[in-house]
Amino acid sequence: MEGPSVEELLAKAEQDEAEKLQRITVSKELELEFDLGNLLASDRNPPTALRQAGPVPEAELRALARDNTQLLINQLWQLPTERVEEALVARLPEPTTRLPREKPVPKPRPLTRWQQFARLKGIHPKKKTNLVWDEVSGQWRRRWGYKRARDDTTEWLIEVPDGADPLEDQFAKRIQAKKERVAKNELNRLRNLARAHKTQLPSTAGMHPTGHQSKEELGRAMQVAKVSTASVGRFQERLPKEKAPRGSGKKRKFQPLFGDFAAEKKNQLELLRIMNSKKSKLDVTRATNKQMREEDQEEAAKKRKMSQKGKRRGGWQGTGGKRKGGPPSQGGKRKGGLGGKKQSRPPGLGSKRKAGQHQGGKRRK
Amino acid sequence: MLIKGGNANATVTQVLKDVYALKKPYGVLYKKKNITRPFEDQTSLEFFSKKSDCSLFMFGSHNKKRPNNLVIGRMYDYHVLDMIELGIEKFVSLKDIKNSKCPEGTKPMIIFAGDDFDTTEDYKRLKSLLIDFFRGPTVANIRLAGLEYVLHFTALKGKVYFRSYKLLLKKSGCRTPRIELEEMGPSLDMVLRRTHLASDDLYKLSMKMPKALKPKKKKNMSHDTFGTTYGRIHMQKQDLSKLQTRKMKGLKKRPAERITDDQEKKSKRIKKN
């Protein structure tokens, strides 16, 4: 009589399972489409229940949302999981929905000179081991870097080679050679970069010291050297009687009088368009602010001068009436002149705007 | 990038603030009003996107003809790709619903319901735009207990209902928990107004994937209808005389037989000569 009891047990077990699963199963006509990489689910079933509901189907929406979320969670719980620092983490697959990119695909960089040569000759990079056996220390050491296998810099004895001058400093020679290699490497890297971005490196023709350079060449080299500092030559001192270099400003380039008709037409039409547009070319508020700032700076410079002069003469004579009351009136007049422009509707670009030109003047008060 | 138009009212401003709260820390909310019309002049939007390096934007405005207007859009290479204008009919804000919210920066689950999202072209783009907007950064792993937040979009009778719920995981008999939802976040009832969708070739250009990302096709593998995978291996030419076969001990030549064989071979050679 064990047969029926076994069957009963099995049936009961099945029933229990079904009950348990009932809590998490949801039945739908059409299966949902899942994109687990984006935690996304799309339900294609037509929303009939919602249509039957009244104008504000909150409860039905909530029920629909609950069902859909349950299905999505069921899918997510079936992903492979691992334990990371006491938290259960599921590994998500790649997102499958194709979305447009934000920026265009990056263009491939042009090959460097070495890569071109290697490709031509068919040279492939050899796989090198990270560690090399070092006889001197008797252990495996890095090929390069900290505590490397053959470190030149830590040698305490260098033999003078046969043909070399016995009074030469071999250590200094080694250091110099290393510096030259580093500089050459850097130069090649910059050249490769310039080629990749299609710009030109500034030419160094005539800057390398030979014994035979003319006065002009030397002068040019000296000028370039002066400007090649981090502050672009601003704090370089001149010799006592040295004069400032003439003509070192920017050279103005003028277009030929006639030649490129298409460009000329384009420029004229652009000018007409700007004149027609309702945006004002002169930003009045910005112009007034700039003017006021310049005045402030002039005042401050004058004050400094006066205070210096006063200190030298041994007395504090004050700023001679040029107090704060003075400038605004002059500035006001100047502003009036600028504010004579009729149309100044502020354009919608990102600048600190206040409507109207007169408010620019009120700022000071 | 969340921008207010010149005539944005309280509702629209609140919507933008709520979306900003959802999208922190990846969003930028501009406080000042900007007098532009996205559907007429896109230059100022493109300028903003270049400055803030954002390619998704939302622009809110309000006027008599289009009350409570919200324009969602995305850019490709700092030029407008798609823009869809939605009218907000009903809005319940985050602060109107008084309960605990989920922490900032959680990746939300997104669910779309309704067959409109797959049939109509406009709705398809809207779906793609909403996915782009609301999905968080792409991650490889996700903490199962950290799935707290679900955004549910339903397309019904020409309207789109947006609801956000907080997830409560309840015990069920088995490993997968039972879900209960609690309404948490902003809820919007939206109507589709104008659209400005990208031309087909621009869309195709924006979808271009670099070669490195395309899934690599494995060669010499084929599948048949039953699901069996067949592979093809190419062998080098084998020297069959040197083939390693099973050695049958019974067939091994005994020394006496080997001697007679040798003698036979010798006699054959002599004969030939």
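Modeller: By the cavity rule, the count comes to one cavity of 30 Å³ or more. This is a predicted model, where local features need pLDDT of at least 70, side-chain atom pairs count only at pLDDT 80 or more, and totals for chains, interfaces and linings use all residues. Residues are numbered from 1 along each chain as written, chains are lettered from A in the order written, and side-chain values use heavy atoms, leaving out hydrogens and water.

Colleague: What makes a set of points a cavity?

Modeller: On a 1 Å grid over the protein atoms alone, a 1.4 Å probe fits there but cannot get out. The largest cavity has a volume of about 50 Å³, the volume being the space filled by probe spheres set on the points, which are joined across faces, edges and corners.

Colleague: Which residues line the largest cavity, and what makes a residue part of the lining?

Modeller: Lining residues have an atom within 4 Å of a point; among them are B:Val19, B:Phe134 and B:Met190. The lining divides into 10 nonpolar, no polar and no charged residues. Ala, Val, Leu, Ile, Met, Phe, Trp, Tyr, Cys and Pro count as nonpolar, so B:Val19, B:Phe134 and B:Met190 do too.

Colleague: Why do strand 4 of chain A and strand 7 of chain B count as paired?

Modeller: Pairing takes at least two DSSP bridges, and these strands (DSSP E runs of at least two residues) have three, so they pair, in the antiparallel sense. In strand 7 of chain B, B:Arg143 is the bridge partner of A:Val89.

Note on methods. On a 1 Å grid over the protein atoms alone, a cavity is a set of points where a 1.4 Å probe fits but cannot get out, and a pocket is an open set with protein on both sides within 12 Å along at least five of seven lines; lining residues have an atom within 4 Å of a point. Helices (H or I, at least four residues) and strands (E, at least two) are DSSP runs, numbered from the N terminus.
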